[in-house]
Structure formats: C-alpha cells, structure tokens
Amino acid sequence: MDLSLSDEQQAFRDLARSFLDKEAVPHRTRWDREEAVDLAIVPRMAEIGFFGLTIPEEYGGLGGDYVTYALAMEELGRADSALRGIVSVSSGLVGKSILFFGSEEQKQEWLPQLASASRLGCFGLTEPDTGSDAGNLTSRATRDGDDWVLNGQKLFITNGTWADVALVFARTSDDGPRGVTAFLVPTDSPGFEAREIKGKLGLRGQATAELFLSDVRVPSSAVLGEVGQGFKIAMSTLDKGRLAVAAGCVGIVQGCLETSVEYATSRTQFGRPIASFQLVQDMLADISVDADAARLLVWRCADLVDRGEPFGTAASKAKLFASEAAVRAANNAIQVHGGAGYVDDYPAAKYLRDARVMTLYEGTSQIQKLLIGRAETGINAFV
Ligand code: COS
C-alpha cells in the first residue's frame, strides 16, 4: 500500500527490505533460539543508515524525515523486532533525547557515534517499582561538589548489557515528576553494573537488562537538559518512541499477512488450498485490514512530526492500535498455519511472542487509552 511516498522514501524502504531479507531473515530463528542476535549486523545496519536516519547530517546522520523512519521501522519489525528495538532505543530514545535537549558538546560527542552505531545507548527510565508511574521513580542523584552521585536500580532496559552510554533518569528533588533529572552515564563508570534478564517470552535475540547504580559519579556536564527537566525529556522522547514501536508493529502485521497468504495458498486440505475456504479468508482479511489501518495511523503520525505539528495523541493512537493489531494478526497467522504455526519453522510463532511486549512497553495499552481519553475530554485520569 503506497500513499504518495517520494522516490527517496520508496528507495530507502526497498534498500532496507532487501538488506534485511538477506542479512536478518535467514538468521532470525537461530538468533531467537540462541537468545542473541549476531552483533556483527549492527555496523552493517548503520552503513545502510538505520541508526542515523533522523539524526541531522552535521552530526553524522542522514537527516531523513519521519515517514522514512517509519518505513525503516516497519521493515525492521517485519524482519526481526529484536533488531528494531536496538535501533529505536539507541538512535531513537537516546539519540533523540540528546538531539533535542543536549548541549552542543553532548551532541558532538554522542550523536556521530550513535549514528554510526560505533556506540550504543540504552534508556534507563523504568524501575522495579515504577513502570507506568514513571514520574515517581526513586533512583537518586545527589550533588557532591561539581559532580553528581547516582544510586538506584533500573529494570527491563533494552540494550542494557550492550550499551556504551545509559540515559539515566534519577531524582534530584522530592518534587514528583518535576524532581527528575536526566544524566548521560558512560556504562564503564565505576559502580555501574548491567545484568542480562533471561527467559523472556519474546524479543529473545535482544539484550534486556537490569541496571544497578551504586555511587556512580558523573560530572555536571553529564546532565542532559536542565536539572528537573528529566520527566519532560522522557515523556516527549517516548512520544516519538511510541511512533517507532507502532511502525515496528506494522511490520509484524505485514509479515503475518505474507506468511499466512503463502501458507494458505500452498497448503491443501480436503483436496484444495486452504486459502479457498471462507473461514481462512476471513482471517486473512482481518490481518490485511489490520495492516492497512495500523500503517495509516503510523503514517499520519509521522507526517505530523515532519510538519512540526503536535503528534503525541496520534502517537498514542498509532501505538495502541498497531500493538494490539500485531498480537491479533500473529494469533490469526498461527490459526491459519494450524499446528505448523506453533513451532518456529514458520515466523508466526516468533511474531506472536515478539508482538506481545508491544502492548506493554513504552506505555501500556491502558496508558495510551488514558492519554487519548484525556486528550478527548480534558479530564486527567492520573490525578
Ligand atoms: N511531552 C512533554 N512534556 C510532557 C509530556 C510530553 N508528552 N507529558 C507530560 N509532560 C510534562 C507535563 O506538561 C508536566 O509539565 P509541568 O510540570 O510543566 O506541568 C510534567 O511533564 C508532568 O506531567 P504530569 O504530572 O501531568 O504527568 P502526565 O500525566 O503527563 O504523565 C503518565 C502520566 C502516566 C501519562 C506518564 O507517566 C506515562 O506516560 N507513563 C508511562 C511511562 C512509560 O511509557 N513507561 C514505559 C517506558 S519503556 S522505555
């Protein structure tokens, strides 16, 4: 489905697809089983431009638009959501935070490295006791002369054990969300430890970690933005992150459609292809409509970003619909495949396991609904 994409946008999508079909799709089942993607693919993905896509050229990126970014995320989601997560956390959540809130020095130091993926970043917001209620996080940063000393714990941190820099949100005063500050913390700092979390349902090829900060000392130049601005940095960055998750989910739905159509047209039962049965076509139609609807919500949101319009509610709608659609489509895909869908010889099972977290992270479906409800009614359900 194409909606007035430019030649450049289509060319990037085609390049992304042919690269991933060759370099990722044949390996994704093995990476999933081994619980680790081959990190040798990361610099090659950076060469294509995945990591620098929306980072301006002056900082080593391609200076691309968000519709192209959405197309890239869709292709990554179709190929392997574990790879999508590496890109959208490192160059999305961390890179965008630095781009929009960093000092010139911080931009010069980190953005070219994140764009080339010679360094990876992770986003340290979630804690054991604060997921949805991010404004009440308890990690602390205390002033000590010109330095800050950080203590606390972070949970479910994508790229946690691979990252060179962690964007850590910590409390600098007891003023709720207004008392949170963002810090750029090199992960080789003394007192910083990352432990990988094993046994995830999906995204098994991607490192997800628990972070422990024990008297981690950083200079005042490590503060990103202003002291007390951390929650706003996290929330405005997550608006764009939600767009990336939604676009990745479009890729999952598209992948489910392709594998289901292929299977249903080649598998025969009762002497004819199962695609000829109305109840199978019913499921294929549902997946197809989910793909179009999710994609249009994503493109609408990306277009708003490109035009400099407010896009937070559009991002919540895209993320809510696309993540739920991805779970729905993957379930349908397994049903179309029958028993074959229950093993990982076909991609449907991995799509379902990977899709499931999309309704949870970067704001659960329930949080997105309350944000949409607040936008529609003007009434804040969170107070
Ligand atoms: N962009 C910029 N600023 C924002 C913002 C956004 N999207 N959302 C909130 N803010 C600002 C508010 O304007 C407010 O600023 P002032 O202090 O100047 O008034 C400040 O942040 C605090 O806002 P508030 O207390 O109203 O918080 P919200 O109600 O907006 O946020 C929810 C509550 C639950 C919506 C928020 O905590 C949230 O999104 N939670 C989910 C977190 C999440 O996604 N976690 C998963 C992370 S996986 S990496």
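Reply: Buried means under 20% relative accessible area, exposed means over 50%, and partly exposed is in between (1.4 Å probe, protein chains only). Helices (H or I, at least four residues) and strands (E, at least two) are DSSP runs numbered from the N terminus. This is a predicted model, in which local features need pLDDT of at least 70 and side-chain atom pairs count only at pLDDT 80 or more, while totals for chains, interfaces and linings use all residues. Residues are numbered from 1 along each chain as its sequence is written, and side-chain values use heavy atoms, with hydrogens and water left out.

Me: How many of the residues of strand S4 are buried?
Reply: Strand S4 spans residues 165-171 and is mostly covered. Val 165, Leu 167, Phe 169 and Arg 171 point one way, Ala 166, Val 168 and Ala 170 point the other way, and all are buried. The count of buried residues in S4 is therefore seven of seven, by the cut-off of under 20%.

Me: Which residue in S4 is the bridge partner of Cys 122?
Reply: Two strands pair if DSSP finds at least two bridges between them. Strand S1 (residues 121-124) and S4 run parallel and are joined by four bridges. Within this pairing, the partner of Cys 122 is Ala 166.

Me: Which residue in S5 stands opposite Phe 169?
Reply: S4 also pairs with strand S5 (residues 180-186), in the antiparallel sense and over seven bridges. The residue of S5 opposite Phe 169 is Ala 182.

Me: What is the phi of Gly 145, in the turn between S2 and S3?
Reply: Strand S2 (residues 140-144) and strand S3 (residues 147-158) run antiparallel with five bridges, and Asp 144 stands opposite Asp 147. The two strands form a hairpin with two residues between them. Gly 145 in that turn has a positive phi of about 65°.

Me: Which residue in S7 is the bridge partner of Thr 158?
Reply: S3 is joined to S7 by nine bridges, and the two run antiparallel. The bridge partner of Thr 158 in S7 is Thr 208.

Me: Is Asp 215 buried or exposed?
Reply: Asp 215 lies in strand S7 (residues 208-219). Its phi is near 50°, a positive value in a residue other than glycine. Because its relative accessible area is 51%, Asp 215 is exposed.

Me: What is the relative accessibility of Phe 270?
Reply: Phe 270 is in the loop between strand S9 (268-269) and strand S10 (272-273). Its phi is positive, near 55°, and the residue is not glycine. Phe 270 counts as exposed because its relative accessibility is 78%.

Me: What separates the C-alpha atoms of Ser 97 and Leu 238?
Reply: Ser 97 lies in helix H5 (residues 81-101) and is buried, with a relative accessible area of 0%. Ser 97 and Leu 238 are 141 residues apart along the chain. Their C-alpha atoms are separated by 9.4 Å.

Me: What percentage of the ligand's area does the protein bury?
Reply: A polar contact is a pair of N or O atoms within 3.5 Å. Oxygen atoms of the ligand lie 2.5 Å from a polar side-chain atom of Arg 178, 2.8 Å from a side-chain N or O atom of Arg 374 and 3.0 Å from a backbone N or O atom of Gly 363. Accessible areas come from the Shrake-Rupley method with a 1.4 Å probe. Taken alone the ligand exposes 1,000 Å², and the share that the protein buries is 72%.

How values were computed:
A polar contact is a pair of N or O atoms within 3.5 Å; within protein, one must be able to donate a hydrogen and the other to accept it, and residues adjacent in sequence count only if both atoms are side-chain atoms.
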